[in-house]
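Have a look at the sequence and the 3D view, then work through the points below.

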Amino acid sequence: MHKSFGGGIAAWSIRHPIGVVMITLAVMVLGVFSLGRLGVDLLPHIIYPDVRVRILDPGVPASIMEDRVTRQLEEQLAITEDAILIESRSSEGRSAVDLSFAYGTDIDKALQDASTRLDRAKRFLPDSIEAPVIYKRDPSQRPVAEFVVSSSLRDSVELRSWVDYELSKWFLNLPGVAAAEVGGGLVREIQIQADQLRLAGLDMHLLDLKDVLESANVDTPGGRLMMEHGEISGRTDGRFHSVNEILNLPLASVGVGNLSAMVRLSEVAEVEDGAEEERLRIRLNQLPGIKLSIQKQPQANTVKVVDSVLARVAELQEKGLIPPDVEIRPVDDQARYVRRALNNAVNSAGIGAMLAMLVDSTIVMLENIYRHQRERSGADATDVTEVSGRAAAEVNSAIVASTSTNLAAVLPFLFIGGLVGLLFQELSSLYLRPLLPRSWWRLPWCPHWPAAYRRNVRG
């Protein structure tokens, strides 16, 4: 019977070389398969502790927006639980209110609370406003790719319609794409300029004309038509399809005695097939352009999404689905920053690997084992194994101590709060979670847990 010797995992590895090789190969195989599934992004997925509210009321002066909308929002949203700062901005037809919370706050709960406050504020807001928009600030909502579309033959209205209703739809079914937003150019708008004197002669005003147009421009369901082999749903097509249909819209019947005539819209108003006011001007090579922004899903790979979008553009051009007069030019690409960061990381890893052949802990242990084996030259295989185990045990504590000093570079990040703590949260968790006890991560003072969770643990 041979004497037992220590050495920990190093000595166990010496006694089981085949097992160590198989474990190493298994880890390498898992690493190769996992490498292609890793999420690649420039920064960690961070949701800032901000809640934003936007309300639009086109055409209203900024002073009126501040008095009738912004102040009402401030009074109601200021009492949101855990809110530490509220900011507001009023401009023509637009009111913006931002709520800020402490880092670590459960932003989903804060958004729900702010939504409840917003519902209460709606009672004091004008009826003319558009539906309020409330959302949390998420960097993943930023576009990962932006294109400018221009044409030397089409006008801005036609080009905007083509991009909005045809081109943008080709990107929505790509993996990882969340939305394709269109901006700039001129949006088609049917403008009706009424003669108020003629309307007054019909005992009508502008609001009456507005109600007539809205009630006439709808499709009405017509029920079901029972057939021999099934049923067909019917409807009354009442929406406008041309400007002439709007011009011929009947407004009122007038007459004297037994004579009467139908007054149509063309007799009291002028109808123009025009466009909305251009608020965002896009130019490409001095030609009017349309901006197409691609947004990705929060957990999607930025590089893969951008590559798939560029491949779809090339595919559309190859199949002739993009007209020859249309030019699509990429102007922004978030994937290029990710690629540069990856290249820098690969270069740093290569340099680190070369330096670690110099001062690696494994080399220290191998050299010590080799030295002991030379001193016991001529011994049998059993003695060599025992000598190797003793050599490993001799330097085991020193190697553990020297390797543990690497924690000095990562441990301080656990106690950093605010935005910097969120940025390094995934890095510190990656290194320290396997080393520290599981119960440590549940401590109430751990800065990486939300404040609500820490309160529940303390309670």
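In this predicted model, the charged end of Arg154 sits over the ring of Trp162, 5.8 Å from the ring's centre. As for rings pairing up with other rings, the structure holds 0 aromatic pairs.

**The sheet**
- Strands of a sheet pair through backbone hydrogen bonds, and they can do it in parallel or antiparallel fashion.
- Here, 4 strands make an open sheet, lined up in the order 2-3-1-4, and the pairing is antiparallel.
- At the edges you'll find strand 2 (83–91) and strand 4 (133–136), each pairing on one side only.
- Ignoring direction, neighbouring strands of this sheet are turned by 15° against each other on average.
- Zoom in on strand 2 and strand 3 (residues 94–101): they run antiparallel and are joined by 8 bridges.

**Helix 9**
- Helix 9 (residues 302–318) has 17 residues, so at 1.5 Å a residue it should span 24 Å; its end C-alpha atoms are 24 Å apart, which agrees.
- At the start of helix 9, Asn301 reaches in with a side-chain oxygen, to within 3.0 Å of the backbone nitrogen of Val303.
- Which residues of helix 9 are buried? They are Thr302, Val303, Val305, Val306, Ser308, Val309, Arg312, Val313 and Leu316.
- After helix 9 comes Gly320, and its phi is positive, near 75°.

Key. Residues are numbered from 1 along each chain as its sequence is written. This is a predicted model: local features need pLDDT of at least 70, side-chain atom pairs count only at pLDDT 80 or more; totals for chains, interfaces and linings use all residues. Side-chain values use heavy atoms; hydrogens and water are left out. Helices (H or I, at least four residues) and strands (E, at least two) are DSSP runs, numbered from the N terminus. The expected span of a helix is 1.5 Å times one less than its number of residues. Buried means under 20% relative accessible area, exposed over 50%, partly exposed in between (1.4 Å probe, protein chains only). A polar contact is a pair of N or O atoms within 3.5 Å; within protein, one must be able to donate a hydrogen and the other to accept it, and residues adjacent in sequence count only if both atoms are side-chain atoms. Rings of Phe, Tyr and Trp (its six-membered ring) pair if their centres lie within 6.5 Å; planes under 30 degrees apart count as stacked, over 60 as edge-to-face and the rest as tilted. A charge sits over a ring if NZ of Lys or CZ of Arg is within 6 Å of the ring centre and within 35 degrees of the ring normal. Two strands pair if DSSP finds at least two bridges between them. Axes are lines fitted to C-alpha atoms, for helices over the stretch in contact, and angles run from 0 to 180 degrees between N-to-C directions.
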